[in-house]
Amino acid sequence: MCPRVAKWGRGLERQIGIGVIGMGWMGRVHTSSYRRVLEHFPDLGVRPRLLMAADSSQQRRRHAERIGYEATTGDWRAVVENPEIEVVNVTLPNAMHREVALAALEAGKHVWVEKPVGRGVEDVAAVAEAARRAGAVTGVGFCYRFAPAVQHARALIEAGEVGEVNHYRGVFLADYANRPEAAASWRFSREAAGSGALGDPMAHVVDMTHHLVGPIDRLSGRTATMIARRPRLPVGEGTHFSRVETGDLVDVENEDWAGALFEFGGGTVGSLEASRVIVGPRAQMRFEVHGTRGALTWELERMNELKRFQLTEDCLDEGYTTVLAGPEHPDFAAFQPGAGVPMGYDDLRVLEARNFLTSVRDGEQREPGVEEMLACARVLEAIERSAASGAWEAAR
Ligand SMILES: NC(=O)c1ccc[n+]([C@@H]2O[C@H](COP(=O)([O-])OP(=O)(O)OC[C@H]3O[C@@H](n4cnc5c(N)ncnc54)[C@H](O)[C@@H]3O)[C@@H](O)[C@H]2O)c1
C-alpha cells in the first residue's frame with residue numbers, strides 16, 4: 001500500500017488509528033461499530049483503522065486478530081504508547097477505567113470509555129479533569145440516547161408537545177442475574193466494579209433522565225441485595241449472562257436493586273428504579289414522561305416504538321398511539337429504508353461511533369462524554385448515601 005493511502009485511506013479521508021483495550025462484550029461491540037460506521041455514514045470524513053487490541057485473555061486476542069486488528073497485545077500500555085494510535089477505547093472492568101483512561105489522555109489520545117468510568121465520583125472527576133487538561137474529546141457509552149425514537153421523544157419534549165413536564169419515571173429492569181446459578185462475574189465485586197445495579201443499569205436510567213428532562217436535584221434512595229452468594233466466574237471468561245454449575249460460591253458485594261424518588265426542575269417529582277435480578281422483564285429500560293398536555297413512553301425491548309398520548313378537546317380519541325420509527329425520524333434512514341424494519345442495539349453503537357468520531361474529527365466535544373458521566377455519578381453516589389443515611393440527599 002502506498003504511504004498516501006495508508007495515511008489518508010482509500011477515500012482520501014484522514015485515518016484515525018484505533019486501539020481497543022478489553023475485548024469482551026463491549027470491546028467487540030465498539031470494534032464492530034468502527035467497522036460499520038462508514039457503511040452507514042460514508043461522508044463522515046474520517047476512516048477508523050483498527051490498529052491494536054489488548055486483552056489479558058489469549059482467546060480474546062485471537063478473536064481480535066481474526067476480526068482484523070493489525071496487532072494484539074496482552075499489555076494495555078502497548079496501546080497507550082503506540083504513536084500511530086489517536087483514539088483509545090476503554091472497555092475494561094470498571095476498576096481499570098480510571099488508570100487506563102488517565103494514561104491514554106496523558107499520552108495525548110482521545111478516549112471513548114464505557115460507563116460508569118470507574119468506581120464513583122472521584123474516578124470520573126479525575127478522568128474529566130485529565131481530559132480538560134489534555135484538550136482531548138471523550139465519549140461515554142450512553143448508547144440509548146441515540147435510538148431514533150428517543151431522539152424524536154426529546155425533540156417533542158423540547159418543542160413543548162407534552163406541555164410542561166410534571167412527572168418522570170425511569171427504570172431498567174434487567175434479568176441477567178435473576179437465578180442463584182447466574183455467575184458472580186467481576187460486576188458483583190466491590191473491588192472490580194464498585195457499585196452493582198447502580199453503576200450498571202441505573203447509570204443508563206440516570207443519564208436518560210438528565211438527557212430528557214434535565215438534572216436531578218435531590219433524592220431519597222434505597223438499595224437491596226436479593227441473592228447473597230453466587231458461583232465464581234474468572235475475569236475474561238463468559239459474560240455477565242453466564243450461568244455456572246459449581247460449589248465455588250462467593251459473596252455478592254454490591255446491590256442487586258436500587259430505587260429513588262427524586263426532584264428536578266425546582267420541585268417536579270419522579271422515580272428511578274434499576275435491577276439486575278428481576279423475574280419477568282428481560283431488559284426493560286423504560287421511561288415515561290408526563291406533562292400537562294401529553295405523555296411519552298419508550299422501552300428498550302420495543303426500541304423502535306414510541307408511545308404518545310395527547311389530551312384533546314373532545315376527549316373522544318384519547319389514548320396512547322404507537323409511533324413506529326422510520327426514515328422520517330433522526331438517523332433511521334442510515335440503517336433501513338422503511339418503518340417497521342427494526343434497528344437493533346448494535347446500530348445504536350454505530351450512531352455512537354459516528355458521534356464520537358465527529359468530535360475527534362472537529363476537535364469539538366459532543367455529548368455524551370465524561371462530563372455527562374460525572375453528573376450521572378453524582379446521582380448514583382447520592383442514592384448510595386441516601387440508602388445509608390435514610391435522608392434526602394443533594395444529587396449535584
Ligand atoms: N453501554 C453499555 O450498554 C454497556 C453494556 C455492557 C457493558 N458496559 C460497560 O463496559 C465495560 C466492559 O463490560 P463487558 O461486559 O464488555 O465486560 P467483559 O468482562 O465482557 O470484558 C472485559 C474484558 O477486559 C479484559 N481484561 C480484564 N482485565 C484486563 C487487563 N488488565 N488487561 C487487558 N484486558 C483485561 C477481560 O479479559 C475481558 O475480555 C464495563 O465497564 C461495563 O460497565 C456498557
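Tutor: Buried means a relative accessible area under 20%, and exposed means over 50%. Bear in mind throughout that this is a predicted model.

Student: With that cut-off, what makes α9 a mostly covered helix?

Tutor: Of the 16 residues in α9, 16 are buried, and buried here stands for a relative accessible area under 20%.

Student: Why are α9 and α11 called oblique to each other?

Tutor: Helix α9, residues 198-213, packs against helix α11, residues 370-389, at an angle of about 120°, and the axes are 9 Å apart. Roughly perpendicular covers 65 to 115 degrees and roughly antiparallel needs over 145, and α9 and α11 are therefore oblique. The crossing of α9 past α11 is right-handed. On the α9 side the contact includes M202, V206 and H210, and on the α11 side it includes C376, V379 and I383. By class, the residues of this contact comprise nine nonpolar, two polar and three charged.

Student: Why does the word oblique also apply to α7 and α9?

Tutor: The axes of α7, residues 148-158, and α9 come within 9 Å and cross at roughly 40°. Roughly parallel would require an angle under 35 degrees, and α7 and α9 are therefore oblique to each other. In this contact V150, R154 and I157 of α7 meet M208, H211 and L212 of α9, a set that divides into four nonpolar, one polar and one charged.

Student: Turning to the rings, what makes the pair of W112 and F356 tilted?

Tutor: A search of the whole structure finds 12 aromatic pairs. In the pair of W112 and F356 the centres are 5.6 Å apart and the planes stand at 40°, whereas stacked requires planes under 30 degrees apart and edge-to-face over 60. W112 belongs to strand β5 and F356 to helix α10, so the pair ties together parts that are 244 residues apart in sequence.

Student: How do you know that W112 and F356 are buried?

Tutor: W112 has a relative accessibility of 0% and therefore counts as buried. The relative accessible area of F356 is 3%, so F356 is buried as well.

Student: Why is the pair of F287 and W298 called stacked?

Tutor: Their planes meet at 25° with the ring centres 5.8 Å apart, so the pair is stacked, the limit being under 30 degrees. F287 lies in strand β13 and W298 in strand β14, so this pair ties together parts 11 residues apart in sequence. Both F287 and W298 are buried.

Student: By contrast, what makes G363 exposed?

Tutor: Its relative accessible area is 53%, so G363 is exposed, given that the term asks for over 50%. G363 sits in the loop between α10 and α11, and its C-alpha is 6.9 Å from that of V137, although the two are 226 residues apart in sequence.

Note on methods. Residues numbered from 1 in each chain as written. Predicted model: local features only at pLDDT ≥ 70, side-chain atom pairs only at ≥ 80, totals over all residues. Heavy atoms only, no water. Axes fitted to C-alpha atoms, helices over the stretch in contact; angles between N-to-C directions. Helix = DSSP H or I, 4+ residues; strand = E, 2+ residues; numbered from the N terminus. Left-handed = near helix turned anticlockwise from the far one by under 90°. Contact = heavy atoms within 4.5 Å. Nonpolar A, V, L, I, M, F, W, Y, C, P; charged D, E, K, R; others polar. Phe/Tyr/Trp six-rings, centres within 6.5 Å; stacked < 30°, edge-to-face > 60°. Buried < 20%, exposed > 50% of the residue type's maximum accessible area, 1.4 Å probe, protein only.
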